[in-house]
Amino acid sequence: MENSPIADAGLDRRIAARLKTLRQERGWSLDELAGRAGVSRATLSRLENAEVSATASVLGKLCAAYGLTMSRLMLMVEDDFAPLVPQQAQAVWTDERAGFRRRSVSPPAQQLAGEVLACELQAGARIAYERSPRPGLEHHLLMLEGRLDLTVDGQAYRLAPGDCLRYQLFGASEFSTPPDAGARYLLFIV
């Protein structure tokens with residue numbers, strides 16, 4: 001299940017508007033945000049004007065600068081909370097360049113702390129996040145298929161189907177797959 005190009009363009013525009021609002025609410029200039037996030041001013045301007053789509057890596061940097069999880073950012077640009085989220089209504093976000101796809105199975109809500117993401121990384125993919133959006137954020141990663149190499153705060157793990165890695169994230173993390181195998185996993189964030 002993929003979002004249609006029209007839906008993706010609409011989501012990109014809503015993300016762009018939300019990113020601009022977050023920056024303006026804090027009274028930050030583009031230069032200040034660029035310094036805080038480690039993303040060029042030109043890229044930030046193009047993102048805020050919906051001229052380009054954000055990659056997972058760039059969104060990770062921006063979310064860290066704002067102290068938000070990526071799912072919280074997505075919640076801010078999606079529809080209101082609903083207790084039942086049918087699969088066809090679950091938001092899908094794809095970073096084709098990185099070979100990453102995430103589906104918000106159980107999107108975050110203001111009243112609830114946890115969320116569930118169904119994630120897929122293509123073979124030979126690598127995504128690195130420089131820091132946690134919130135220090136100490138609790139994660140439970142359940143491998144469904146493939147192989148995933150994950151580094152959390154400098155500690156390396158190799159996950160196979162059925163493995164569950166529980167961790168609190170304080171610093172950098174990196175997700176990668178070998179050239180011959182991708183990965184499908186569920187990520188529970190509390």
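1. Helices (H or I, at least four residues) and strands (E, at least two) are DSSP runs, numbered from the N terminus. Residues are numbered from 1 along each chain as its sequence is written. This is a predicted model, in which local features need pLDDT of at least 70, side-chain atom pairs count only at pLDDT 80 or more, and totals for chains, interfaces and linings use all residues, while side-chain values use heavy atoms, with hydrogens and water left out.

2. Start with the loop between strand S6 (148–152) and strand S7 (155–159), where Asp 153 sits. Asp 153 is not a glycine, yet its phi is positive, at about 50 degrees. Most residues other than glycine have a negative phi. Asp 153 is partly exposed, with a relative accessible area of 36%. The cut-offs: buried is under 20% relative accessible area, exposed is over 50%, and partly exposed is in between (1.4 Å probe, protein chains only).

3. Ala 50 also deserves a look. Its phi is positive, about 55 degrees, although Ala 50 is not a glycine. Ala 50 is placed in the loop between H3 and H4. With a relative accessible area of 36%, Ala 50 is partly exposed.

4. Now the charged pairs. How many salt bridges does a search of the whole structure find? The search returns 11. A salt bridge here is a side-chain nitrogen of Lys or Arg within 4 Å of a carboxyl oxygen of Asp or Glu. Side chains of opposite charge can pair when their charged atoms come close.

5. Glu 130 is exposed, at 54% relative accessible area.

6. Glu 145 and Arg 184 form another salt bridge, with their closest N and O atoms 3.3 Å apart. Glu 145 lies in strand S5 and Arg 184 in strand S10 (residues 183–189), so the pair ties together parts that are 39 residues apart in sequence. Glu 145 is partly exposed, with a relative accessible area of 44%. Arg 184 is partly exposed too, at 34%.

7. Check the network around Asp 149. Salt bridges link Arg 147, Asp 149 and Arg 158. Between Asp 149 and Arg 147, the closest N and O atoms are 3.7 Å apart. Is Asp 149 buried or exposed? Asp 149 is buried, with a relative accessible area of 17%. Arg 147 is partly exposed, at 28%.

8. Helix H2 (residues 30–37) packs against helix H3 (residues 41–48) at an angle of about 110 degrees, with the axes 9 Å apart. Axes are lines fitted to C-alpha atoms, for helices over the stretch in contact, and angles run from 0 to 180 degrees between N-to-C directions. H2 and H3 are therefore roughly perpendicular (65 to 115 degrees).

9. The contact (heavy atoms within 4.5 Å) brings Leu 30, Asp 31, Leu 33 and Ala 34 of H2 against Arg 41, Leu 44, Ser 45 and Glu 48 of H3.

10. Last, Gly 162, in the loop between S7 and strand S8 (164–169). Gly 162 is exposed, with a relative accessible area of 58%. Leaving aside neighbours within four places in sequence, Gly 162 is in contact with Leu 142 and Met 143. Gly 162 and Leu 141 are 21 residues apart in sequence and 10.0 Å apart in space, C-alpha to C-alpha.

Definitions and conventions
Parallel < 35°, antiparallel > 145°, perpendicular 65-115°, else oblique.
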